Amino acid sequence: MDINAVEPSENTPAGGVSAAQPRMPRNIVVGVGGGIAAYKACHLVREFTEHGDDVRVVPTQAALNFVGAATFEALSGNPVSTTVFDAVDEVQHVQVGQEADLVVIAPATADLIARLVAGRADDLLTATVLVATCPVVVVPAMHTEMWLNPATQDNVATLRRRGIVVMEPAHGRLTGKDTGPGRLPEPVQIADFARTIVAGHGAHHDWVGKRVVISAGGTQENIDPVRYIGNRSSGRQGFAIAELAAQRGAEVTLVAASTDSLPVPCGTTVVRVGSTREMEAAMAEYGAGADVIVMSAAVADFRPDSQADSKLKKGADEDALSTIHLVENPDILKGLVNRRDRGELKDGAIIVGFAAETGDAAGSALDYALSKFERKGCDILMANEVGEGKVFGQKTNEGWLLAKGAEPQAVPSGTKFEVAAQILDAVNRIMPK
């Protein structure tokens, strides 16, 4: 990607169009620890360089046992060094950290995390972290027993207390036959998360003990075993909210429809559903004890009144195909609010809704969103103006945040992770402490 490629400006008015603004490349240091997941760092470097960033790879000496320096140099376009004794005339062991806008260490082994806690500076990577005043994101990867060991957990807590962001690892297949927490997240997840941090959205580990239930994706209503009624929702916004809520320490359950192609957010439990009624049942079940419920899924408002047992054939079933009788689906968001009002949800549970609207001659998308906010009775509503090339299926989002007793807050165009951070910050402002 050309480093002058245009990205949405932070000053873009929600629902409006901004003047093209060139995006300045960031200086990003990708640190690589000596674990088998080091190969994923290659893809992480590519994620950053394709966004126009200038990447400097700083591996540990052990990391070069897994991926050679030539590979990192070819992918980044910059020289690779591991020692503080290279480029001494340029004071490289200080310069790399001073010039960085972001440091991401992936994978970070248990040994490397321990050395960071000790304040070691005996190689270029640890020296760079000591010098850096920019955001530092550490992404652990190790076997489950090592991750859960009290020594590692204490070290992670120490890094977080010092202001370093430690990303929760993924759950999945590890080096051998074992499975569990400790797997390195996918490179796109790391890059999205890191870009959110460097954009100024913090990742405070302040939701420990909170239970959060989030819906995502577009539900599907079957016409026959082959065809269905659905929408263009990708589920990316809900997945981003789940990822960031888990990174803040919450226990997250994600009720997902039509999202099989997205990587599972780290530290979350995913419940797969298909139809709106299946999602309604899941949200009622898992939302019962939740502190926060986020209804970000784009549910189908209508469904066929009956489903054919076999595929409807052209010609033979022409009448059935030309006329499909629809009935209204349950309003999941309104139902959750009603359940809370009846005392069936946790006392003080915060409910967040979404509104995908279009404007017309009778009113703007914001007008319709304000009306919906009043009808639904939720605490916060994220409103989007949707349409061709807007929101659904896109990697960016924008709109307005509506909260009780407050004026609409414009949410400028940004990545769905950046928008997710603003939504969670809005929730945090009204969450009981």
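Okay, let's start with a word we'll need: buried means under 20% relative accessible area, exposed means over 50%, and partly exposed is in between, using a 1.4 Å probe and protein chains only. What you see above is a predicted model, where local features need pLDDT of at least 70, side-chain atom pairs count only at pLDDT 80 or more, and totals for chains, interfaces and linings use all residues. Residues are numbered from 1 along each chain as its sequence is written, and side-chain values use heavy atoms, with hydrogens and water left out.

So, which residues does UniProt mark as "binding site"? The unreviewed entry lists Asp 301, Lys 311, Pro 330, Asp 331, Ile 332, Leu 333, Phe 354, Lys 372 and Lys 376. They are spread over 76 residues of sequence, and also in space, up to 37.4 Å between C-alpha atoms. The lining of the second largest pocket includes Asp 301, Pro 330, Asp 331, Ile 332, Leu 333, Phe 354, Lys 372 and Lys 376. UniProt positions are in the numbering used here, feature names are shortened, and annotations may be inferred rather than shown by experiment.

What's a pocket, then? On a 1 Å grid over the protein atoms alone, it's an open set of points where a 1.4 Å probe fits, with protein on both sides within 12 Å along at least five of seven lines; lining residues have an atom within 4 Å of a point.

The second largest pocket is lined by 38 residues, and Ala 297, Ala 298, Val 299, Asp 301 and Lys 372 lie nearest its centre. Among the elements giving two or more residues to that lining are helix H12, strand S16 (350–357) and helix H13 (365–376). Helices (H or I, at least four residues) and strands (E, at least two) are DSSP runs, numbered from the N terminus. S16 gives the largest share, 4 residues.

Now two of the marked residues. Ile 332 sits in helix H12 (residues 332–341), and Ile 332 counts as buried because its relative accessibility is 4%. Setting aside neighbours within four places in sequence, Ile 332 is in contact (heavy atoms within 4.5 Å) with Thr 276, Met 279, Glu 280, Met 283, Met 295 and Val 299.

And where is Lys 311? Look in the loop between strand S14 (302–304) and helix H11 (318–322). Lys 311 has 38% relative accessibility, so it counts as partly exposed.
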